[in-house]
Amino acid sequence: DCLSSSPCEECAAVHSHDIARMSCVICAVGANGADVFTRAIPGCEHQYCGLCVDGLVKDKKFPPLICCEDGLAMQKQKEQRDRESKPMQPKADKPNTVQPKSGKPTTSSATAKQATDKTATPQDPSQVAATKVAVPMDKARISDYLHKLQELRTRSKFTIEVLTEIAERMLQDNHWREAAAALMQRIASAPPAERIGAWCLMDSILRCPGNVKGGRKYTKEFARHVPKLAARHAPITPEEGSQQFDRIVSKWHRDKIFGHDVLRMIKQTQVSEK
């Protein structure tokens, strides 16, 4: 299955697969035969899985203005060219009538007020959103950390500590999004019996000093995707580590690692599975 997060060498060489084209840009879940992927804006290489598209359409947020550097940049450049190509209309001179005793503004002052009102008009929200394009993630960083995660096949305390330290260093280098994306892809693509180790690593990263002192960036990033990730890839049987996963979620509740809404959605997922 070369639509997984780790394509075989032959397919990678022939098709030049990269991680961004094989995973949903929102939930970071890798593609498989059952997923339907959608591109939101022409010219953009980012793709969205069917579940994310359904959720965005329901919230009237599709197509979304997120890290779509290609599509949004092209759209912004086109709007700029359209504005520059329009000829400026000369303003007609108006008589400068003065009525000092009427209490009403003169023609010149009214014109000045209109010019001030035009300059004070707020900018178009769509243009404001387009200027705040997120920096694309470093695919090489994602691939490198994902390769290291292949060693996490059990709940090895030593391996989890080493991978947590790497995630802390990536946070210091401002590559925490890449580390989070790689870990979520590992959870989605690992065999069911090996996923519990990745969940334990996520818990370790959430509690590490770097995350706590660094604005809890990992917490905010994982909070956006954990409910959906748990619904698809949480351990179900004791052989897969379901009891260990339940203990992790209970500790998240106890220590208030995530917000109430996120924890409630995870709890609903667990109840529906049982």
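Modeller: Quick definition before we start: contact here means heavy atoms within 4.5 Å. Keep in mind that this is a predicted model.

With that cut-off, let's go to helix H9 (residues 195-207) and helix H13 (residues 242-255). On the H9 side, the residues that meet H13 are Ile-196, Trp-199, Cys-200, Met-202, Asp-203, Leu-206 and Arg-207. Their counterparts in H13 are Gln-244, Phe-245, Ile-248, Lys-251, Trp-252 and Asp-255. The two axes sit 10 Å apart, at an angle of about 20°. Angles under 35 degrees count as roughly parallel, so H9 and H13 are roughly parallel to each other. As for handedness, H9 passes H13 in a left-handed crossing.

Now the surroundings. Of its 274 residues, 36% count as buried. Among contacts with a separation of 6 or more, 64% are between residues 24 or more positions apart.

Glu-178 is buried yet has no salt bridge. The nearest side chain of opposite charge belongs to Arg-177, 4.9 Å away, whereas a salt bridge needs the nitrogen within 4 Å of a carboxyl oxygen. Leaving out residues up to four places away in sequence, Glu-178 touches Met-137, Asp-138, Arg-141, Ile-142 and Met-170.

Technical notes. Residues numbered from 1 in each chain as written. Predicted model: local features only at pLDDT ≥ 70, side-chain atom pairs only at ≥ 80, totals over all residues. Heavy atoms only, no water. Buried < 20%, exposed > 50% of the residue type's maximum accessible area, 1.4 Å probe, protein only. Lys, Arg positive; Asp, Glu negative; His and termini not counted. Axes fitted to C-alpha atoms, helices over the stretch in contact; angles between N-to-C directions. Helix = DSSP H or I, 4+ residues; strand = E, 2+ residues; numbered from the N terminus. Parallel < 35°, antiparallel > 145°, perpendicular 65-115°, else oblique. Left-handed = near helix turned anticlockwise from the far one by under 90°.
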